[in-house]
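Hi,

Here is the structure I promised to pass on. Please have a look, and then read my notes below.

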Amino acid sequence: MRLALAIASLLILVIHGLVFYDQFFHKWEKFQTAYFDQAKVMAKSESERAALDGRSPRIEQILVTQFGEMRVDRCTTCHISADDPRFEKYAHPLKAHPFSAALGDKEINGKWERRHKFSDFGCTVCHDGQGRGLKEYYGHGKDHYWPDPMLGYVAQDTWRAEYKPKLVGKGYMEANCAQCHTEENFASTPTITKGRQLFFEKNCYGCHRIEGISNGTLAPDLSEVGKKFKVDYLWESVVDPRANLATSVMPKFNLTDDEVRALVIFLKSRRGINFNETSLERYRARIEEKKPEAVPVATTTGTGTVVPSTVPTPEAASALARGEKLIAEKSCVACHKLGDKDGGIAPDLSFEGLLKDGPWMMKHFKDPRAEMPDSIMPSFNFSEPDYQAMTDYLLSLKTPPPTTTAADTYKNLCARCHGEQGDGKGISWLYLDPAPRDLTKAAFMSSKPDERLIKSIQEGVAGASMPAWGKVLNETQVRDLVAYIRQTFTKEPARVMAAHQVPDQNPITMTPDSVKRGEQIYLMRCTGCHGRKADGKGPNSLDIIPRPRNLRNQFFVQSMTDRRLFDSILYGVQGTAMPPWIDYGMTKNDVGDVVNYLRSFNQPKK
Amino acid sequence: MPMGKNIISTKPTTTEDTNRRKFLLWLSSLGLFGSAVISVVSNLVFIKPRATYGQPNRFSVGKPDDYPPGTRIALDNHRICIVREENKIAAVSTTCTHLGCIVGLSETGFACPCHGSRFDQDGNVTGGPAPKPLAWYKINLAPNGELEVDKDAEINAGTYLNL
């Protein structure tokens with residue numbers, strides 16, 4: 001008993017002692033004592049020595065009120081000699097902060113004077129880190145939950161190992177310079193300038209919005225991205241967009257490390273705060289926010305004429321070269337395929353001149369959703385001559401890939417969207433809406449006669465990414481292709497379907513009354529899948545593949561004959577979730593009203 | 001066999017045993033008493049916070065050149081007045097010793113606008129309810145060439161720093 005009591009009480013004493021030691025003997029006290037001792041040795045006068053004698057270790061603190069929220073900086077508790085030039089050659093934490101002309105420090109009469117005085121700016125304004133922490137682990141922000149670890153100095157344990165060494169370096173601190181020095185091309189922040197240029201060069205601005213810089217709407221707003229994320233997350237997101245969001249449609253840009261670094265620093269500087277502005281000024285600036293000007297590019301000539309694929313004139317050749325250069329520079333291949341470069345997201349442009357014409361391309365450049373309502377291509381703000389040059393260049397691409405056999409044809413032309421296996425899951429299927437047809441779906445494929453498939457191939461599908469291959473393939477090739485698809489993927493011959501009793505023309509005339517009745521029926525029967533807005537995004541649509549049609553895709557709806565609409569509605573679409581509504585008591589008159597309703601908001605734009 | 005034999009040990013108590021018991025008792029007491037002492041010391045030290053969130057008491061007020069000879073400049077945010085005479089410089093508190101108002105500079109020295117206390121150039125009371133003269137704070141020339149005032153260190157009135 002006594003032995004146990006003795007051991008227990010000694011244990012308590014030891015624990016107590018350890019806690020006491022931890023709470024009352026700090027590393028920073030040692031640093032401060034070392035500084036006082038050294039400074040005393042260096043002291044030139046007796047008064048100086050006396051002043052040092054009077055000092056004892058204590059928590060040093062700078063309160064910074066001018067920059068954003070009030071900051072409490074206790075960094076000088078350890079880095080006590082940061083502002084003592086005599087300690088220039090010492091090791092951290094006693095090393096003096098170096099003077100630098102790039103930071104605005106000035107040398108007057110052989111004595112340096114700081115532009116950013118510690119008493120006004122503190123330390124964390126520039127360096128980040130946690131100003132209140134008195135232990136290295138907390139002060140430098142190594143704590144996983146501290147949002148702003150010391151920029152360029154600290155790599156957190158949780159960061160991806162292969163990125164860690166890249167995230168260290170003084171350059172990252174520029175991100176904080178830009179909190180106040182927001183002007184473009186500020187001399188002391190060259191990396192930010194480079195990052196900003198890349199943001200435009202690589203067309204990031206087409207998708208992303210940054211307050212006061214760009215207005216993209218497709219991708220997340222980056223105005224405050226630097227406040228939300230650490231540099232490792234930013235690096236990862238730039239290099240591997242899918243790393244953090246599996247459904248991200250951002251292309252991989254294959255940038256060099258230096259380029260990524262510049263972009264990351266530029267993004268880290270986007271914190272939504274400008275310490276130079278008051279909130280009132282910010283508010284005013286937002287009101288006056290203008291759309292970004294088109295990126296200025298030295299323009300030569302925009303002829304506007306379609307360049308023949310034969311020998312181009314010298315003048316046209318230079319325009320073509322400019323178009324080629326633009327396409328290469330503007331990162332089109334980050335999404336599109338062109339020659340041996342492939343972004344894996346958007347259609348192949350390698351023989352675009354065969355598929356589309358000049359006016360279509362110009363229209364598509366200016367408003368990508370003009371002909372393809374669900375296209376995810378961003379609207380870039382290039383100049384008219386640039387668009388013209390790019391159009392001219394694309395029109396000159398008229399070399400079709402070799403298509404000797406039907407299998408070759410499928411592999412070279414169709415597989416990119418419909419997939420090697422014909423399952424509609426080619427590399428770009430995720431980004432296309434409407435999605436490519438699943439050619440293995442026998443129920444759908446075998447219910448459609450050859451003629452219908454041939455027509456879809458030859459003329460394309462309006463409002464979808466399916467181009468009119470009739471301009472590339474002759475009829476025999478198309479027929480062979482359909483046979484090949486049926487044989488290889490569908491594995492079932494076309495069924496001869498019983499003739500459906502559907503009218504060629506809508507028997508109900510288009511009247512406001514009919515449209516109103518059609519709307520009522522639509523609301524009752526169709527909204528579950530096609531949605532209240534008829535955009536194909538009804539509540540059930542998420543579970544259905546292929547997805548319900550977007551009935552606001554006017555190019556698609558216009559291309560549908562009354563006969564096909566009646567057929568699809570009354571008898572359903574085989575291989576999809578569309579049921580035969582005739583079984584649920586819909587009459588031809590009802591369908592006529594619904595068709596009128598659908599046509600009423602799909603009139604061609606005037 | 002009688003019951004008692006089992007309960008009460010018949011083994012005689014040796015000096016060795018007594019020593020061991022005493023030693024253990026001594027160890028236990030050391031442990032408990034030591035912990036108690038550490039607790040008391042900790043509590044006494046903990047009563048005073050090591051850091052507060054106010055403005056720090058030692059701060060930089062800029063270079064001596066910012067204060068040409070003959071100036072008296074009140075720094076209201078720090079509640080001090082920098083006095084420079086030729087090559088001598090000092091920091092005088094502008095917190096009134098009466099109720100803590102900020103005293104203003106006047107022709108003859110300092111004056112409290114609220115309760116009428118008056119002080120001469122050196123901070124000595126010349127009138128009003130103030131019970132004590134204004135404090136003088138230690139002022140040093142820091143290695144970076146700036147003046148550093150330490151409000152934690154009061155010095156005798158009239159003690160200047162020679163530049």
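This is a predicted model: local features need pLDDT of at least 70, side-chain atom pairs count only at pLDDT 80 or more; totals for chains, interfaces and linings use all residues.

Let me start with helix 17 of chain A, which is largely enclosed by the rest of the structure because ten of its twelve residues are buried (under 20% relative accessible area with a 1.4 Å probe, protein chains only). Among the buried ones are Asp386(A), Tyr387(A), Met390(A) and Leu395(A). Helices here are DSSP runs of H or I with at least four residues, strands are E runs of at least two, and both are numbered from the N terminus.

Residues are numbered from 1 along each chain as its sequence is written, chains are lettered from A and ligands numbered from 1 in the order in which they are written, and side-chain values use heavy atoms, leaving out hydrogens and water.

Now the interface: 33 residues of chain B are in contact with 35 of chain A (heavy atoms within 4.5 Å). Arg50(B), Tyr53(B) and Arg58(B) supply 22% of the area that chain B buries against chain A, more than any other three residues (accessible area, 1.4 Å probe, lost on putting two parts together, summed over both).

There are five salt bridges between the chains (a side-chain nitrogen of Lys or Arg within 4 Å of a carboxyl oxygen of Asp or Glu). One joins Lys117(A) to Glu146(B), with the closest N and O atoms 3.7 Å apart.

Best wishes

Note on methods. Buried means under 20% relative accessible area, exposed over 50%, partly exposed in between (1.4 Å probe, protein chains only).
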